[in-house]
Amino acid sequence: MTKRTNKLLFILLAVCGIGLWTISGSSCKKDKDPMPLATTPLYDTLGWFIQGATGPVAGNGTKMIDDPDNPGQKIQAGRLAIRTVVGKSLMVIAGDTALAEYFPVLLAEVGAGNTTGYNNLLQSFTDFVQQAVSTQTGVYKGKSMRDAHNNTTYNRFGSAAVQKSTAADFDQFVGDVASAATSLNVPNSVIGQLGTLLYSVKGDIVY
Amino acid sequence: MTIKKGIKYTAISLFSLGFLLFATLIVHIAVMVKGKKPLASEHTQLARIDFSAAADPRTITEIEQSIGTLPGVQSTYYNPATHTLVYAFNNKLQNAAEVYQSQVTSRNIDALKYTVSAADAAKGCPAMDNNSFYGRLTKTVSSIVN
């Protein structure tokens with residue numbers, strides 16, 4: 001190896017080393033002392049409800065409780081309530097022949113590994129609703145609702161022939177979520193607020 | 001500096017920059033996924049049995065109850081309007097083909113095990129796309145650091 005090659009190699013490694021050190025030490029560092037989590041009366045109510053609906057409501061949305069589906073892990077009570085409703089909603093949707101075409105992944109394995117489409121959708125949908133209900137930021141990392149529900153901007157949705165969702169299908173979807181919440185004995189007042197929330201994005205999905 | 005040298009240094013610079021950016025991406029992913037706990041319901045899978053409209057409701061109820069007692073089955077849901085039975089199960093402990101075989105075929109009832117076509121599987125809910133380059137890279141890095 002010539003002296004010049006050695007010099008080039010040294011410079012290359014030095015540049016890479018400094019870059020990696022800088023990145024790993026600063027920009028990707030996880031926040032060890034986060035700000036208090038944002039919450040809303042609806043998020044607190046959901047958290048309160050999933051814990052048995054006793055005592056004061058305030059503060060129950062962000063309260064960390066044991067995750068019944070993940071032993072040894074904690075979860076925000078509000079998120080657990082939302083995930084429970086979303087999980088039931090996905091079962092109702094999977095049994096709804098009018099909507100199954102939009103959610104084939106619910107009933108199909110997703111490639112290698114053991115993670116299923118159901119699981120991915122459960123997390124993603126829960127993230128979206130949690131962010132909308134609690135006003136916490138950075139929970140949902142997917143596409144915007146408008147981009148996500150149009151075949152021209154997202155080719156996994158619909159087809160060239162049917163590019164967007166119909167209003168009737170959207171109503172059916174909200175109806176399925178409401179049925180799921182009802183079957184879990186969620187109070188009507190809370191279901192109404194969840195419905196309002198879902199309808200707030202209707203304009204981005206049906207247009 | 002000759003043109004040849006200029007090209008050489010430009011190529012080295014571009015390669016270094018590309019390598020640095022890629023390494024940055026890998027480190028970023030590794031830092032973010034390190035220690036990440038498994039997702040809830042990681043092995044949960046849904047399956048559906050579509051009954052004909054003429055199927056006896058009592059037999060369907062029987063089947064639903066029987067499926068509910070199978071090992072690994074977590075919950076069941078029957079939609080009488082569409083005659084569909086959905087059940088959630090742990091795919092480490094149970095599989096849909098066996099459930100259909102043992103619960104439906106043996107009873108000689110008119111029903112179909114719903115299977116997703118390849119064309120449909122390529123579509124789906126837009127909130128997720130784990131088959132992207134970033135998604136696959138994240139999965140790979142996560143399996144290395146965890």
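This is a predicted model: local features need pLDDT of at least 70, side-chain atom pairs count only at pLDDT 80 or more; totals for chains, interfaces and linings use all residues.
Residues are numbered from 1 along each chain as its sequence is written, while chains are lettered from A and ligands numbered from 1 in the order in which they are written.

**Stop 1: α6 and α7, chain A**

Helices are DSSP runs of H or I with at least four residues, strands are runs of E with at least two, and both are numbered from the N terminus. Axes are lines fitted to C-alpha atoms, for helices over the stretch in contact, and angles run from 0 to 180 degrees between N-to-C directions. The crossing of α6(A) past α7(A) is right-handed. That label applies if the near helix is turned clockwise from the far one by less than a right angle, and left-handed if anticlockwise.

Now show the contact residues. On α6(A), pick Val174(A), Val177(A), Ala178(A), Ala181(A) and Thr182(A). They meet Ile191(A), Leu194(A), Gly195(A), Leu198(A) and Tyr199(A) of α7(A). Contact requires C-beta atoms, placed from the backbone, to lie within 7 Å. The residues split into eight nonpolar, two polar and no charged. Nonpolar covers Ala, Val, Leu, Ile, Met, Phe, Trp, Tyr, Cys and Pro; charged covers Asp, Glu, Lys and Arg; the others, Gly among them, are polar.

Stay on α7 of chain A and click Gly192(A). Is Gly192(A) buried or exposed? Gly192(A) has 11 C-beta neighbours inside 10 Å, so it counts as exposed. The cut-offs are 20 or more other C-beta atoms within 10 Å for buried, 12 or fewer for exposed, and partly exposed in between, with C-beta atoms placed from the backbone. Draw a C-alpha to C-alpha distance from Gly192(A) to Ala178(A): 8.4 Å, across 14 residues of sequence.

**Stop 2: α3 and α4, chain A**

Select 77-94 for α3(A) and 117-134 for α4(A). Their axes are 9 Å apart, at an angle of about 130°. The pair is therefore oblique. Their crossing is right-handed. Display the contact: the α3(A) side includes Ile82(A), Val86(A) and Leu90(A), and the α4(A) side includes Leu122(A), Phe125(A) and Val129(A). By class, nine residues are nonpolar, five polar and two charged.

**Stop 3: α2 against α3, chain A**

Among the contact residues are Tyr43(A), Leu46(A) and Phe49(A) of α2(A), plus Ala77(A), Leu80(A) and Ala81(A) of α3(A). The classes here are eight nonpolar, three polar and one charged.

**Stop 4: the sheet in chain B**

Switch to chain B, which has five helices and four strands. Its order along the sequence is α-β-α-β-β-α-β-α-α. Of its 146 residues, 25% count as buried.

Colour the strands. They form an open antiparallel sheet in the order β2-β3-β1-β4. Two strands pair if DSSP finds at least two bridges between them. β2 (73-79) and β4 (111-113) are the edges, each pairing on one side only. The twist averages 20° from one strand to the next.

Zoom to β1(B), residues 44-51. Seven of its eight residues are buried, so β1(B) is largely enclosed by the rest of the structure. Seven bridges tie β1(B) to β3(B). One of the bridge pairs is Thr44(B) with Asn90(B). Three bridges join β1(B) to β4(B). There, Phe51(B) has Ala111(B) as its bridge partner.

Finish with α2(B), residues 57-68, which packs on the sheet. This helix touches β1, β2 and β3 (84-90) of chain B. Its direction makes about 165° with that of β2(B).

How values were computed. Two residues are in contact if their C-beta atoms, placed from the backbone, lie within 7 Å. Angles under 35 degrees count as roughly parallel, over 145 as roughly antiparallel, 65 to 115 as roughly perpendicular and the rest as oblique.
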